[in-house]
Amino acid sequence: MERTKLKRILNRILKIILVLIIFILIASTNGKNRTSSWAEDFAKDFIIIPQRVVQLISSAFNDNNTIINDIEKLKEKNKVLNSRVAELEEKLADYDIVVQQNEKFKALEKATDLYKDYDVIMADVIAVSPNNWDEVYVIDKGKENGITPNMPVITTDGLVGYVSEVGEKSSKIISILDASSSFSAIASETREQVIVKGDLILKEENKVKISEIPFKTIYKSGDTFETSGIGGIYPKGLKIGKTIEFINKENPLENEAILETYVNFNKLERVAIIKMP
Amino acid sequence: MKKPVVFLITMLITILFLLMQINFLNTLPAFGIISNIGIVLISAIGITAGSNIGGLLGAFYGIVIDAFFSKTLGIFFLLYILVGIISGYLKNNISKDNKMSLALMVVINTLMFELSLCFFTCYLYGTPFNFLFLLKVIIIEELYNIFLTYIFFRPLIYWGEIINRSRDSYYLLH
């Protein structure tokens, strides 16, 4: 009986001591910057090591943690960058269009200056004849736009040819490269009159032939030629091209020159048809 | 296949070939010489479906080329009809089952076509005759057209056979 009583008293004393120790610990550690003791560290390690493992596993599934979060972030970043790239590409395409439009406007401005002496109708070339013998172009303007046969056709670079046939909404142009084409021209410098002719072989290289060259005249490379105004189709002063070769024949009256046209017929897109008075 | 459907599809094929010539082949010259897919088309159809249909197709193709590009109306009309008729007449002498035969047909037609066109160009428009150019056109265009023949041989012969089978119902062509 006395033994059990003693045990109860000891238990209560131990409990009181434990509570006191806890209070002392609380009191001694509260609100102080301190280094943990080895005992504390040892105790922590029991928790920290498994905690790390659990944390790693859980972090894999946790939005707030590293691996998947990084992938998600990368994906998100990628998405943002992709949309940014798309946006920039769109802007770049717009930029290209703006540049093209700017070039067109510049060409139009140049054309306006160049064509100020003439009343012109602008037209687009829509097709080229599909055979090897002709140099016929089809434009998208016709009778309803005021085009009539024999109107001269030019670009900002120079003479193209003349309108040979007019439809309601389209017209045919025979270019100066066509082998049947022949018209009067003058040398810009010497004002000598010559004949410009199309040639089957030369037409592929945007070249024409000059014949009826005045006796003893030699044209050097770079000499320019323009329309003479004789013949009834082309008005005077339309630029044709420049000399690239002079061919001396046995009979000097048969001398010829090769002229490179100012107009690049391989890239003929927009032309101006001159309304003749 | 019913005759109006065959007729309509044949016209659509012809227009497609025409557009291919104008927009694609015109921009792909070999040494400055362009091919002529119209000759390939009309030769292939003519050799399988006969001279009537070949001629009719040639007429359609030629009149369109004339209307759009020719300086004089009727030259291409005539030449393409000739291509169709010649192909039709040679139908029984040339095997349509191998590419070489059709290539030979295209060679004959191209030669006839370019020589005639040279004649018309020089005679009607006063273009000075240039033998070197004529030779160049014939050689390069022949090779180019043979190449196109090898590409389009199967589908064109196949379509020619379809036209041939539905021929009895072609009341317009009999």
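The model is predicted: local features need pLDDT of at least 70, side-chain atom pairs count only at pLDDT 80 or more, and totals for chains, interfaces and linings use all residues. Residues are numbered from 1 along each chain as its sequence is written, chains are lettered from A and ligands numbered from 1 in the order written, and side-chain values use heavy atoms, without hydrogens and water.

**Exercise 1. State how many helices and strands chain B has, and what share of its residues is buried.**

Step 1. Count the elements. Helices are DSSP runs of H or I with at least four residues; strands are runs of E with at least two. Chain B has six helices and zero strands.

Step 2. Take the burial. Buried means under 20% relative accessible area, exposed over 50%, partly exposed in between (1.4 Å probe, protein chains only). Of the 174 residues in chain B, 55% are buried.

**Exercise 2. Describe how α2(B) and α3(B) cross, and with which residues.**

Step 1. Get the geometry. Helix α2 (residues 37-49) and helix α3 (residues 51-69) of chain B have axes that come within 7 Å and cross at roughly 160°. Axes are lines fitted to C-alpha atoms over the stretch in contact, and angles run from 0 to 180 degrees between N-to-C directions.

Step 2. Classify the angle. Over 145 degrees counts as roughly antiparallel. α2(B) and α3(B) are therefore roughly antiparallel to each other.

Step 3. List the contact (heavy atoms within 4.5 Å). α2(B) gives B:I37, B:G38, B:L41, B:I42, B:I45, B:G46 and B:A49; α3(B) gives B:S51, B:I53, B:G54, B:L57, B:G58 and B:Y61.

**Exercise 3. Classify the ring pair B:F119 and B:Y123.**

Step 1. Start from the search. Over all chains, 14 aromatic pairs are found. Rings of Phe, Tyr and Trp (its six-membered ring) pair if their centres lie within 6.5 Å; planes under 30 degrees apart count as stacked, over 60 as edge-to-face and the rest as tilted.

Step 2. Apply the cut-offs. The ring centres of B:F119 and B:Y123 are 5.4 Å apart and the planes are at 5°, so the pair is stacked.

Step 3. B:F119 is partly exposed at 47%, and B:Y123 is exposed at 61%.

**Exercise 4. Find where A:D140 lies and what it contacts.**

Step 1. Locate the residue. A:D140 sits in the loop between β2 (136-139) and β3 (152-154) of chain A. A:D140 is partly exposed, at 29% relative accessibility.

Step 2. List the contacts. Beyond neighbours within four places in sequence, A:D140 touches A:A123, A:D124, A:I126, A:N145, A:K169 and A:S170. A:K169 is 29 residues from A:D140 in sequence and 6.2 Å away, C-alpha to C-alpha.

Note on methods: Parallel < 35°, antiparallel > 145°, perpendicular 65-115°, else oblique.
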